[in-house]
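Come along and look things up with me.

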Amino acid sequence: ADSNFLTMILQDDKNSGLQVQTINGQWIDVPPTPANVLICNIGELAQIFSGGYLMATPHRVLRPQNSRISIPMFYNPKLDHVMECMLNPEA
């Protein structure tokens, strides 16, 4: 899983190589996506911020047989931002 808040990926529409891990620990392929689709990976900061409501996405990239292109965008808070859980544990 990424340590950031959110990762958005524009990936190759022919070769993916991206896999995500299920709750049972099984790795499954993320199919290639059309050019107008973004893949969103929840990061560990989003998991902390949501009090565990959102779960960070364990993922990996396998080397495909053909070349692969992906364009990631990593979203993070400012370095001096104090992250607190958005959920009230007493509610």
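**Strands and their partners**

I began with Thr-7, which stands opposite Asn-41 in β4. Before going on, I noted that this is a predicted model, where local features need pLDDT of at least 70 and side-chain atom pairs count only at pLDDT 80 or more, while totals for chains, interfaces and linings use all residues. Residues are numbered from 1 along each chain as its sequence is written, and side-chain values use heavy atoms, with hydrogens and water left out.

I wrote down what the terms mean: strands are DSSP runs of E with at least two residues, numbered from the N terminus, and two strands pair if DSSP finds at least two bridges between them.

I then traced β1 (residues 6-11), which is joined to β4 (residues 39-42) by four antiparallel bridges. β1 also pairs with β6 (residues 70-75), again antiparallel, over six bridges. In that pairing, Gln-11 has Ser-70 of β6 as its bridge partner.

**The three-stranded sheet**

Next I found an open sheet with the order β3-β2-β5 and antiparallel pairing. Its edge strands, β3 (27-29) and β5 (59-61), each pair on one side only. I checked β2 (residues 18-21) and saw three bridges to β5; Leu-18 has Val-61 as its partner there.

**Cysteines**

How many disulfides does the structure hold? I found zero, counting a disulfide as a pair of cysteine sulfur atoms within 2.5 Å.
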